[in-house]
Amino acid sequence: LQGLTRASIGVAAREVDQQQLPVLLRLCLRRQLRRSVHRDHGRPVPYLGWHDSLRRADRVMTPRDVFLDVVKRFYGTMYRWGGDDPSTGFDCSGLVVEGLQSAGVIPHGSDAKADSLWKMFQKKEVALGIARESEGCLFFYLNPEGKATHVEVSLGNGFVIGAIGGGPGTVTPGDAAASNAFVKIRPVNYRGGPHKAVNPWH
């Protein structure tokens with residue numbers, strides 16, 4: 001195992017069925033993949049591979065864990081205005097609502113736009129600097145009238161995940177492709193904001 005690099009271990013983990021690996025190698029892969037990160041703008045971002053399930057198996061999942069796990073699983077899903085279903089696409093609030101429902105924070109079948117989510121959690125507002133480093137916080141972008149028009153999820157380390165790039169005209173897969181609109185990871189200040197943040201887990 002000494003000759004294996006982190007990259008080669010990551011490739012092996014994704015290409016070989018875990019059940020076919022010797023026990024020792026599986027343990028080494030687990031330890032190595034827990035530390036796996038990819039880098040964007042020089043800062044570490046949590047790797048969104050299958051090792052998340054291994055990490056979660058080591059302890060009881062909290063509602064915040066469930067929320068983050070669900071949201072991360074939809075990385076790369078296309079954007080659709082008004083969307084709340086991974087089979088047809090998410091908009092920004094649809095993605096967050098799905099995660100919150102999965103975590104039991106809001107009732108099953110709930111529907112809420114960005115501004116409704118902002119009003120729902122406004123009493124749990126936290127400083128932007130705290131939210132930048134706290135996984136699971138929600139970032140909101142407000143228009144001049146104070147209405148929230150966009151919401152994203154903090155991944156910590158100054159990064160967010162969200163359904164990004166679409167708008168009212170993004171309703172088909174072709175629209176999403178033309179706009180490069182899908183669930184993405186970006187630095188928190190990539191669009192000149194956000195303006196407010198909340199921590200739903202307090």
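## Charged groups over aromatic rings

In this predicted model, Arg191 lies over the face of Tyr141, at 4.7 Å from the ring centre.

Strand E5 covers residues 138-142 and pairs with E6 in the antiparallel sense, over five bridges. The two strands form a hairpin in which five residues lie between them. Within that turn, Gly146 has a positive phi of about 90°.

Strand E6 spans residues 148-156 and is mostly covered, with eight of its nine residues buried. E6 is also joined to strand E7 (residues 159-164) by three bridges, and these two strands run antiparallel. Ser154 stands opposite Val160 in E7. The hairpin of E6 and E7 has two residues between the strands, and Asn157 there takes a positive phi near 55°. As a general point, the side chains of a regular strand alternate between the two faces of the sheet.

## Aromatic pairs

A search of the whole structure finds three aromatic pairs, and two of them are described here. In general, a pair of aromatic rings is described by the distance of the centres and the angle of the planes.

The rings of Phe67 and Trp201 have centres 5.3 Å apart and planes at 50°, so this pair is tilted. Phe67 belongs to helix H4 (residues 63-73), whereas Trp201 lies in the segment after strand E9 (196-198). The pair thus links distant parts of the chain, 134 residues apart. Phe67 counts as buried because its relative accessibility is 0%. Trp201 has a relative accessibility of 18%, and because the limit for buried is under 20%, Trp201 counts as buried.

The rings of Trp118 and Phe140 are likewise tilted, because their centres are 5.5 Å apart and their planes stand at 55°. This pair also links distant parts of the chain: Trp118 is in helix H6 (residues 114-121) and Phe140 is in strand E5, 22 residues apart. Trp118, at 5% relative accessibility, counts as buried. Phe140 counts as buried too, with a relative accessibility of 0%.

The axes of H5 and H6 come within 9 Å and cross at roughly 45°. The two helices are therefore oblique to each other. On the H5 side, the contact is made by Ser93, Val96, Val97 and Leu100. The H6 side contributes Ala114, Leu117 and Phe121.

Pro107 is found in the loop between helix H5 (92-102) and H6. Pro107 counts as exposed because its relative accessibility is 58%, the limit for exposed being over 50%. The C-alpha atoms of Pro107 and Val97 are separated by 9.7 Å, and the two residues are 10 apart along the chain. Val97 is itself among the H5 residues that make the contact with H6.

Definitions and conventions:
Residues numbered from 1 in each chain as written. Predicted model: local features only at pLDDT ≥ 70, side-chain atom pairs only at ≥ 80, totals over all residues. Heavy atoms only, no water. Buried < 20%, exposed > 50% of the residue type's maximum accessible area, 1.4 Å probe, protein only. Helix = DSSP H or I, 4+ residues; strand = E, 2+ residues; numbered from the N terminus. Pairing = 2+ DSSP bridges. Phe/Tyr/Trp six-rings, centres within 6.5 Å; stacked < 30°, edge-to-face > 60°. Lys NZ or Arg CZ within 6 Å of the ring centre and 35° of its normal. Axes fitted to C-alpha atoms, helices over the stretch in contact; angles between N-to-C directions. Parallel < 35°, antiparallel > 145°, perpendicular 65-115°, else oblique. Contact = heavy atoms within 4.5 Å.
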